[in-house]
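I opened my notebook today to look at one residue and then at a pair of chains. Here is what I looked up, step by step.

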2 protein chains.
Amino acid sequence: MLRTQSSAVRELLKYSKMPNVISLAGGIPAPDLFDIPGLEGALDEEISEHNRDSFQYGITEGEPRLRQQIVAFMLQRGIRTTAENVLVTAGSQQGLDLIARVFLNPGDTILVERPAYLAALQVFTLAEARMLSVPTDEQGINVEQVEAILSNESVKAIYLVPNFGNPSGCTLTFERRQRLVQLACRYRVLIIEDDPYGEIRLQGEHIPSLYEIAQGVPGAEDSVLYLSSFSKILAPGLRTGWMVVPGEVYGHLAVAKQAIDLHTCTLSQRIIERYMASGRLQPRLSVLRASYRERRDALCAALRRHLGNAIQFNTPDGGMFLWGCFTSGVDASMVLKHAINAGVVFVPGEPFFFDAPERNTLRLSYSTITPASADEAARRLATALHHANSH
Amino acid sequence: MLRTQSSAVRELLKYSKMPNVISLAGGIPAPDLFDIPGLEGALDEEISEHNRDSFQYGITEGEPRLRQQIVAFMLQRGIRTTAENVLVTAGSQQGLDLIARVFLNPGDTILVERPAYLAALQVFTLAEARMLSVPTDEQGINVEQVEAILSNESVKAIYLVPNFGNPSGCTLTFERRQRLVQLACRYRVLIIEDDPYGEIRLQGEHIPSLYEIAQGVPGAEDSVLYLSSFSKILAPGLRTGWMVVPGEVYGHLAVAKQAIDLHTCTLSQRIIERYMASGRLQPRLSVLRASYRERRDALCAALRRHLGNAIQFNTPDGGMFLWGCFTSGVDASMVLKHAINAGVVFVPGEPFFFDAPERNTLRLSYSTITPASADEAARRLATALHHANSH
């Protein structure tokens, strides 16, 4: 089923590249915000040394100097770790797959948010895990329901995107994070904390990660695996992410990584290490936050202006996505057909549910829009919705 | 078990980086033979366009222009295919893992050569496949024994490195390739043809691939999946390889690849595409062949000079490896302990067997040696063997 849904989304993305189509469908970071001079500078620096190691096999765990940079970067997020606990991956997607390979046996139960990140559902489907979805509200996953499930049956892991979830845009509150860590410890459940968007906070205060919280709870130290990526903050095409994992687990993941692809691209790792060492990352993050904030606000305002009460949506504290629903209850896939004709595309919510989809939901990405295109996109979406409602 | 063996080899490689140690242990291509100016030229060309797509997400199947280059390259190897049948992977290691994920269920039987490529054994172990090894002689895998097994029990796949195998150095003859294709067709078994070394032929004539042969046998067209890589001919650190696969299978592998890592590093793919378009690959392959031939010959001569009949080994037609055995029957792991003291390292044969290892065997790589270091390496190896035999 997920294979078909995945194909449907891939089909959809073809429309998003047609001229005159405004895309709210992509999950991609804004290419106009890439720090091209900074990336090229890092590349030039690496190449100027004519170091043959740039092109040679590397170690499975990742380039040592990059892992050191990641350790320093994590400390800024409140996570104390060492290079020996940092595993470099080919994006956080590979991190998820590694975890699934090492920890999930066919039939194992994993809790996911409802709605959940599509590509995570694909990984867990590939692992033949049994997924159970837990409703998510504005404060993140419903912890009472998590506890009800854990007290009733054996669960292997909980998968969460706690900051500005894809697609929900929701952020898990500090209180719920604390309770989840306690539950994970009590019921011996693994928390998979996927945090690609954490640095793209657009408003509000930083909330400590589940990983950080777990380090302060005796007995819970090993219950959280933390995943992140350079895809949303630097360059997704370099396919580089990382995991922070406790010592015991680390070796198993590294052995699996070795069998799966030997190691992550050496050149990518070295470019990123030099970029981080250049000191350009923090200023770039400020640029990203300001730009995404402007884009989010533009899209929210345009939707209110053109669709009024016909659409409900949250205003996320960060990340790249609005999650909404058509209040008429119309199927978002039907609206999409009209939207393509009108010259705007989005992702219907359906593929983010692995069962019982809420068909009137949709995900809107503001990452690649401008204030002007946001207005036009909302205008076209209103037209499409009008047509769909009239059928 | 393989996990431990893998760790043992990884431990060993630490010694190989110590000063004054001559390594015959590595499976790495010679860094002094990397075409650094050519790679830097390709990189400069890519960067000079300041194209943000170099750093953006790409499509799962691989960059279209790279796939076109691969199609042309495959034609030179005798394989006619189209870009729609070429899947770009993060090295052929990932290709193997993808195949295992899509085709192998736990308990499925897969035939492997004896001895077999260590990292392939790790992939199949991770997939919980049941491995059966088939003896390999100078002409490659024993086809009679393959047939005897196929006629007796259900086998899902046969894994082969037909050209200059790692570790055996053996090349499968044309006649055996034809028979294997016929057997695969008759018994509906998949052949996984792993060909990272095919371009590094040092003597003798090119032998058509199993894939090419299968295209000429009615009913066998879909029985071979072909894997190769830029690691041994260009730059392993770029982590880029490819598969040539029939249409039906292609979609399944692409969906799995999407779940596993979304796509291969965009920048790596673009550098390789530009390098291939520059026309430098064929001249570089000539340089590689001449250099590896010189190194192979130097190591063979040095071994004969210093060890005489104490070691038996083949002279491979290509690739990077000699496979040998100590005629005294001494355990190669014991010899290795003395060898480390003497300042030379190699890989004992044991990890290349998943059962009943032949403990007096060893793999010697000539890829990174010089004629002078070959002589010294053999001298030290003779000293180590003398000590081991005296214990």
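My entries follow, and I keep in mind that this is a predicted model.

**Entry 1: one leucine**

I started with Leu381(A) and found this residue in helix H13 of chain A, which covers residues 371-390. Is Leu381(A) buried or exposed? I looked up its relative accessible area, which is 0%. Leu381(A) counts as buried because that value is under the 20% cut-off.

Next I asked which residues Leu381(A) touches, not counting those up to four places away in sequence. My list reads Leu303(A), Leu307(A), Phe326(A), Val335(A), Val344(A), Phe346(A) and Leu364(A). I picked Leu303(A) from that list and checked the spacing. Along the sequence, Leu303(A) and Leu381(A) are 78 residues apart, yet their C-alpha atoms lie 8.6 Å from each other.

**Entry 2: where two chains meet**

Then I turned to chains A and B. I noted 52 residues of chain A in contact with 52 residues of chain B. The area buried between the two chains is about 4900 Å², and carbon and sulfur atoms give 59% of that area.

How many salt bridges are there between chain A and chain B? I wrote down 2. For Arg101(B) and Asp97(A), which form a salt bridge, the closest N and O atoms are 2.8 Å apart.

**Entry 3: the chain A side**

Several helices of chain A give two or more residues to the side that touches chain B, among them H1 (2-16), H4 (91-103) and H9 (247-261). H9(A) gives the most, with 7 residues. Sorted by class, this side of chain A has 25 nonpolar, 16 polar and 11 charged residues.

Methods:
Residues numbered from 1 in each chain as written. Chains lettered and ligands numbered in written order. Predicted model: local features only at pLDDT ≥ 70, side-chain atom pairs only at ≥ 80, totals over all residues. Heavy atoms only, no water. Helix = DSSP H or I, 4+ residues; strand = E, 2+ residues; numbered from the N terminus. Buried < 20%, exposed > 50% of the residue type's maximum accessible area, 1.4 Å probe, protein only. Contact = heavy atoms within 4.5 Å. Buried area = accessible area lost by both parts, 1.4 Å probe. Salt bridge = Lys/Arg side-chain N within 4 Å of Asp/Glu carboxyl O. Nonpolar A, V, L, I, M, F, W, Y, C, P; charged D, E, K, R; others polar.
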